[in-house]
Amino acid sequence: MNLKDVILNIVYDPSYIAMTKKDLDKYLRVDKYTQKAVRDILKELEKENKIRISKRNRIMPITEDELNLIGNISMAQGGYGFFVSDNEDYEDVFIKKDQLKGAHNKDRVRIELIKERQKGRNAEGRVLEILERAKEEIVGTYQKNKGFGFVIPDDRSFGDDIFIGEKNSLRAKNKDKVVVEIIDYPKNGKPEGKIIEIIGGRKDKNIDILSLIRAHNLPYEFSKETKKESLYIEEKISKNEIEARTDFRKLFTVTIDGRDSKDFDDAISIEKNGENYDLYVHIADVAHYVKKSTAIDDDAYERGNSTYLFNIVLPMLPEALSNGICSLNPNEDRLALTCKMTINDKGKVIANDFYESVINSDYRLVYDDVNAFLDDGDENIYDDEIIKEKLLDFDKLREILRNMRKKRGSIDFNFSESQIDVAEDGRVLSISKMQRGSGNKMIEEFMLAANECVASLFAYMDFPFIYRIHEKPKDEKVETFKKALAAMGYTIRGNDLHPKDFQKILEKVCGKDIESVINLLMLRTMQKAKYSNHRDIHFGLSTSFYTHFTSPIRRYPDLIVHRLLKKYINNKLGSINQTSLEKSLANNADHLSMTERRSEDCERDVEDLLKCKYMIRYIGDVFYGNISSITEFGIFIELDNTVEGLFMYKFSDDRYEYLEDQMKAYNTDSKNFYSIGDRVKIRVMDVDIYQRNIDFDMEVDDEIISQQ
């Protein structure tokens, strides 16, 4: 047992009497050589919230109630905040401005309750201690004065402008977008900082998106070493490499992607095999080109994934790889890892195999054309009869696989995704719902099947691996979802819910106005999918085996899977130290789950920004939409073009009452009830581009439009 565990056993012993640090030294018979190690362990345990040091300098165990009161501050624009506990099941606590004790957004704090929760109101608390400052680098706008300046944070929830002395201004110009590092939090007055980076001038191209990239700490430049290595990337495949691989170049193969796509990391082939289908999923062999311990690999791991910000892409790999030799371009020999699956008419994979291969794609197809052929029956799209024949075979297999997944309970969400067309200079041209046809769904089905096959292989071998898991939704969120459904006239029964139970609800609302709202509410009920070195269920897909294998150009987890799969193909798994691999995969899973969340947060903020930039031209105009959420302060409405805004009835001329138990709002003047899913008419009142908020006002028609 190590010293850390010894100390924890002492502190958490039922007979423990609170000791000071000196008492503990005597008890452990610590000498002057080991005293520092004990002090360091105490600091570490305190930071991990496993012990606390009382005002009388005594070492105390942490109770469950105390743990609930340790977490982070989430600031609001009004200067007040909410305490968000580390315990996800603990309700947020309201913190008044004068009870924050200088805490800022995302600071880690310990609080105490000063007022218990009441119906419709959060409990109130006050900050006792700031355990850790969250943001030491802030993105904002520099406001220059004579001899000094201020940085006004883009994230208004930070709470304060930041004072900048002239010597710390980096000679920034007035209105420049900058990154500031906090150097002091005085007890009285504004935080003090120094400018460490000038992002650009306020009129620079895409400056608002570049600022968000920096605010989310997304790596946006490759290292000098990576740029240098990129100059030596192979541009042609050697004859020896081709001869060492399974040759699938004569197999009819296509890629299907968006019209604007430039990197093609998956291609597909199909052949009839009696009553069965042989499906080939070919994935770019990125692992052949990106070796461990290279600068390219280090940069790729740090990024974790590519980030797509509409008119700006932050690729995981340099363009020479992602758009060059790794991209499965038509009529060019390319190295791949191929998963061959024999699938019967019930959608079951009855045989599979994996190959290091070489392919040559016959055509680069695009979703719009494939959808026009399969869904609209446009025979004039393609001249080649082989393309038509193969697309029909692909489509039959897509339907077989879809029916199989539906039978086992896989949840097919159908919420509205935004199609945002952005000019190169950042102007938003249009916003609409993204259309997904048979071509999109076909590729999705085939990639899901390949991912399951690879995960199943390593699971049955019981070999260390990185899985994609999606845990069951938490009971509290399920109960909230049930209440929302009941308010809309739908029920979901039982406690231990199966994915099929959620699937049935989606089937009931398919095609109705409230479909997108219920899809969105259901998505919010689910836990976040993540990477793990331990196998667990993927609840949304209703499967016990899942990983990411099909996108190694834009996701690092897939690259890890490829390296392991290549070892398997070449019978070299036995050379791997499994204990060491297990440990590294655990670290990889945590890091790559973080980078994924980081990118998603930035992508969401950029999407909200672009929607605000688009809607600012419609201030004063009327739109229709559906209520997506109701809170004690207002009603959220999603418009038909996927833009969401807030009607804050607390500031309305009419009086509203929030009926928490029914999840409804009641206009006590007009006598109208508003429920989730109701179709309503709104007027755009205000757009705040900096905070990415859109304010609506409710327009009352002669008769209420409801979800019924």
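**Charged side chains: a positive patch and salt bridges**

R493 counts as exposed because its relative accessibility is 68% (exposed means over 50% relative accessible area, buried under 20%, partly exposed in between, with a 1.4 Å probe and protein chains only). This is a predicted model, in which local features need pLDDT of at least 70 and side-chain atom pairs count only at pLDDT 80 or more, while totals for chains, interfaces and linings use all residues. Residues are numbered from 1 along each chain as its sequence is written, and side-chain values use heavy atoms, with hydrogens and water left out.

**Positive patch**

- K407, R493, K500, K504 and K508 form a positive surface patch (patch residues have over 30% relative accessible area and no salt bridge, and like charges are joined within 9 Å).
- Lys and Arg count as positive, whereas His and the chain ends are not counted; the charge is placed at NZ of Lys or CZ of Arg.
- Accessible areas come from the Shrake-Rupley method with a 1.4 Å probe.
- Helix α15, residues 499-509, gives the most to the patch, with three residues (helices are DSSP runs of H or I with at least four residues, strands are E runs of at least two, and both are numbered from the N terminus).
- R493 sits in the loop between α14 (475-487) and α15.

**Salt bridges between separate elements**

- The model has 53 salt bridges, each a side-chain nitrogen of Lys or Arg within 4 Å of a carboxyl oxygen of Asp or Glu.
- One of them pairs E66 with R52, whose closest N and O atoms are 2.7 Å apart.
- This pair links distant parts of the chain, as E66 belongs to helix α4 (residues 64-68) and R52 to strand β2 (residues 51-53), 14 residues apart.
- R52 is partly exposed because its relative accessible area is 22%.
- Another salt bridge joins the side chains of R683 and E699, at 3.1 Å from N to O.
- Here too distant parts of the chain are linked: R683 is in strand β33 (residues 679-688) and E699 in strand β34 (residues 693-699), 16 residues apart.
- R683 counts as partly exposed at 28% relative accessibility, and E699 counts as partly exposed at 23%.

**A network of salt bridges**

- E479 and K482 form a salt bridge of 3.6 Å, N to O.
- Both residues lie in helix α14, three residues apart, which is about one turn of the helix.
- E479 counts as partly exposed at 40% relative accessibility, whereas K482 is buried because its relative accessible area is 16%.

Terms used. Patches are made of residues with over 30% relative accessible area and no salt bridge: like charges are joined within 9 Å, nonpolar side chains (Val, Leu, Ile, Met, Phe, Trp, Tyr) within 5 Å.
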